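Colleague: I would like to learn how to read a few features of this model. Please take them one at a time.

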Amino acid sequence: MMRDLSEFSALETASAIRPREVSAVEVTEAALRRAEDDRWGAFVTLAPDLALLQAADLDRRLAADPELALPLLGVPCPIKDLNPVAGVGFEAGSTAMRGNVAEIDDGIVEWLRDAGTVMLGKTATPEFGFPCYTEPDGRPPAVTPWDATRSAGGSSGGAAAAVTAGIVPIAQASDGGGSIRIPASACGLVGLKPSRGRISPGPLMPPGPGLGTSGVLTRTVADTAAALDVL
């Protein structure tokens with residue numbers, strides 16, 4: 001590859017994997033190496049075994065079907081630690097939930113996986129996603145890679161740090177009172193809060209008053225648009 005994979009957008013990553021210029025496993029391994037050098041407080045846990053298993057499965061499916069039509073094929077996309085991923089820690093930024101492991105996948109996790117993404121790990125969030133900064137109990141604060149003395153915002157601060165640092169091109173996020181938009185502004189990213197009711201809360205989450213919604217953080221408008229189509 002003439003460019004480093006960390007520079008690729010989500011759509012560029014999928015476009016490189018589809019003609020097998022690079023494999024999903026290679027993309028995942030590179031992202032995991034970058035994530036291990038997490039100086040930004042982006043992740044609360046990595047899931048390398050799960051990520052590599054998903055990536056290998058995508059490579060097998062692509063080998064069997066070169067026309068495999070997945071819009072985000074092989075794209076590393078971590079999940080904010082407010083949404084459960086089966087078999088992975090689910091603590092919601094709270095010491096009260098320390099050591100908790102999810103038994104099932106949230107709807108948003110399934111939809112992103114069905115689109116071809118690889119679940120790299122869980123990104124940091126403040127306790128239950130309430131504050132507009134990301135300082136989970138007992139863990140390093142999430143900071144913007146542009147200036148490590150400054151906050152990455154919240155509550156999707158870990159997701160924003162992971163994307164800004166080039167660890168991943170896209171990260172699942174959520175927004176009630178600014179939890180996508182604040183980190184986007186702090187980190188120089190694209191952050192869209194979808195309209196009320198545009199994205200289903202899925203079968204596990206109650207509809208509630210409609211204040212909060214899932215979404216993503218990305219570096220390009222095109223990636224955000226593609227993710228919105230998926231969700």
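Colleague: Which residues touch the most other members of the largest nonpolar core?

Modeller: In soluble globular proteins, nonpolar side chains tend to be buried together. A nonpolar core is a set of buried Ala, Val, Leu, Ile, Met, Phe, Trp, Tyr and Cys residues joined through side-chain atoms within 4.5 Å; buried means under 20% relative accessible area, exposed over 50%, partly exposed in between (1.4 Å probe, protein chains only). Here the largest core has 59 residues, and Leu73, Leu120 and Leu217 touch the most other members. Elements giving two or more residues to this core include helix H1 (10–17), helix H2 (24–36) and strand E8 (213–218); H2 gives the most, with 6 residues. Helices (H or I, at least four residues) and strands (E, at least two) are DSSP runs, numbered from the N terminus.

This is a predicted model: local features need pLDDT of at least 70, side-chain atom pairs count only at pLDDT 80 or more, and totals for chains, interfaces and linings use all residues. Residues are numbered from 1 along each chain as its sequence is written, and side-chain values use heavy atoms, leaving out hydrogens and water.

Colleague: Is Thr213 buried or exposed?

Modeller: Thr213, in strand E8, is buried at a relative accessible area of 11%. Beyond neighbours within four places in sequence, its contacts (heavy atoms within 4.5 Å) are Ser174, Asp175, Lys193, Pro194 and Ile199.
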